[in-house]
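Reader: I would like to learn how to read a model like this one. Please take me from overall shape down to single residues.

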Amino acid sequence: MLALAACGGSGDGSQASADNAERRQAQGGITGAETAQGTTQPDAVRLAHQATFGPSEALVADIQAKGAKPWIVEQLGLYRSHYRLGGDDAPDQNTSRTDFCALPEQQANKNCWRDYYSSEPLLWDFYRNAVRNPDQLRQRVALALSQLLVISNVEVDGTYGLRIFYNNLLNGAFGNYRDLLRKVARSPMMGEYLNHVNNDAAAPNENFARELLQLFTIGPCKLNTDGTLAGGRCTATYDNERVRAYAYALTGWTYPAGGANRWGCWPVGANCHYLGGDMVPAGGTLRDTQSRKLLSGIVVPAGTGAPVALDKVLDSLMAHPNVGPFVGRHLIQQLVTSNPSPAYVARVARAFNAGLYVDIGSGVKGDLSATVAAVLLDKEARSASPSASAGRLREPIQLFTGAIRAIGGNTDGAVFGFWQGEALTQHAFRAPSVFNFYAPDFPVSGTTLVGPAFGIHNASTALNRMNYLTMLFDWNGAAPQADIPGAIGTYVTYDAWLADAADAAKLVDRMSRLVLGQLLAEPGRTKVIEAVAQFNDKGWPDTWREWRVRRAAWLVLASPQYQIVR
């Protein structure tokens, strides 16, 4: 599947000077498919798959007219999506002896746990925003960051706290990675998930410190700038003594003020449980006061308070040579390809380290707008002839949204939780562990390649991908549930395609060009056209055109060419 034929085309649509073009090429930028009008249709489709939740005909036309770089720059300035649904902080204001959901005023709310403790309201917002809103790149990058800086409703609850955490990822998607790390480190949701809120200064829990190093910033092995192992083997970036030093340095944080309960606040110096903001410095003896030696030659002096110590922690991580290739490779894998070349990783790492890609970015190390631009505008992302190892398996979230956006439809998101999300083992906001839904180095069986999303792909989930398409196109989607705010269910409409339905080949080819950037490969194309043409006015006198569209959509979207993003 990973060796499918290339999808074609590229370009950034800019009328750059020769100097700027030379500079772009030096940074690995777009090299061969610029046109006076913008970019080619195949490359517009490819960019839509990389930077959005799926192409629509209007989106592809927009990218094609503007060109890749101008479209990306425009996206960097868009901010429409937020998480809004779900309950407020009332559970953390409950001072009675009765559990919140058992209070008399909640007796009529059969969905109290769902609305006040679960991530389901966020899931509704997520899919509504992904299908409808124009700030597609911000949402895609926030999703990628959520799979790096992981928390999960499987382990922690509090709808209003989850809402704040994921809004912070949306807000910081194009900001600076250091600033985002600060928000994550001070998040009470992360504090609960990885055990560093109200941490014991005498014997601190090391969970957050370890994952901050291993999963969020530098990884366990020393790296070259191109992401390869320094010296050709894994040399540890830290040892357990260094992890403990970070754990001590990160003590002294408690919940923000605002919570109340019937027992009072505990331990001494801590605030009561509350998720409505950033953690604050704790009083009492919760803060370690000894000198701690970190990485990159950084030392936390004895007697340092929690805010300054956090600055020292961030200094040490942002100064580490691993952080650029580590974060850069993650974004490449999430947006473009599972197996980037070392040269590609190096170019993206240089943009991260410089805080600048051509003229995009602030010039400060860790600028994510520059890093994202480097990922998407690199010649390996925009190449009309991807290598045999290029591409990635489309993860379930992007299958859910891509089918609706391509054919035309809408969703309230409800079906993608405990039904489709569980069936395809990617229930948004409920990763099974801090290691995300899948590992970044999951091996593709029978090859030397890695395919992260293959970690949740097996015989069952492969069939459930087809079952999702059957639900959408054969069962008319999912009906709205009366107890969900703004419920509309999940559905697609076929009006935009009916005019071409009389010609099965024209219909299939139009759909293929939209979602594949090219025609279906033979002999599959011929077989699909034959299957679509089986619907005619003799057997289906009133609905044959619509059923041709339904069948074409199912077959094109079920094809290996669609399931693998190239």
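Reader: What should I know about the source of the coordinates?

Author: This is a predicted model: local features need pLDDT of at least 70, side-chain atom pairs count only at pLDDT 80 or more, and totals for chains, interfaces and linings use all residues. Residues are numbered from 1 along each chain as its sequence is written, and side-chain values use heavy atoms, with hydrogens and water left out.

Reader: How many helices and strands does the protein have?

Author: Both are DSSP runs, numbered from the N terminus: helices are H or I with at least four residues, strands are E with at least two. The protein has 24 helices and eight strands.

Reader: What share of the residues counts as buried?

Author: Buried means under 20% relative accessible area, exposed over 50%, and partly exposed in between (1.4 Å probe, protein chains only). Of the 566 residues, 58% are buried.

Reader: How do I read contacts along the chain?

Author: A contact means heavy atoms within 4.5 Å. Take contacts between residues at least 6 apart in sequence: 71% of them join residues at least 24 apart.

Reader: Which residues touch the most other members of the largest nonpolar core?

Author: Such a core is a set of buried Ala, Val, Leu, Ile, Met, Phe, Trp, Tyr and Cys residues joined through side-chain atoms within 4.5 Å. The largest holds 159 residues, and Y177, F216, I407, Y468 and F473 touch the most other members. Helix α16 (residues 368–377) gives the most to this core, with eight residues. A second, separate core has five residues, including F100, L103, Y116 and Y117.

Reader: What is Y468 in contact with?

Author: Leave aside neighbours within four places in sequence. Y468 then contacts L399, F400, A403, I404, F416 and Q420.

Reader: Why is helix α12 described as largely enclosed?

Author: Count its buried residues. Seven of the ten residues of α12 (residues 240–249) are buried, so the rest of the structure largely encloses this helix. The buried ones are R242, V243, A245, Y246, A247, Y248 and A249. Their cover includes α11 (207–217), β3 (292–293), β4 (299–300) and α13 (306–318).

Reader: Now single positions. Is S512 buried or exposed?

Author: S512 is buried, at 0% relative accessible area. This serine sits in helix α21 (residues 504–516). Beyond four places in sequence, S512 contacts G517, Q518, L519, L520 and V556.

Reader: And where is D509?

Author: D509 is also in helix α21. D509 is buried, with a relative accessible area of 10%. Not counting residues up to four places away, D509 touches L519 and R525. D509 and I218 are 291 residues apart along the chain, and their C-alpha atoms are separated by 45 Å.

Reader: Where does G86 lie?

Author: G86 lies in the loop between α4 (68–76) and α5 (112–116). G86 is partly exposed, at 38% relative accessible area. Residues up to four places away aside, G86 touches D115, P121, T159 and R163. G86 and R405 are 319 residues apart in sequence and 25 Å apart in space, C-alpha to C-alpha.
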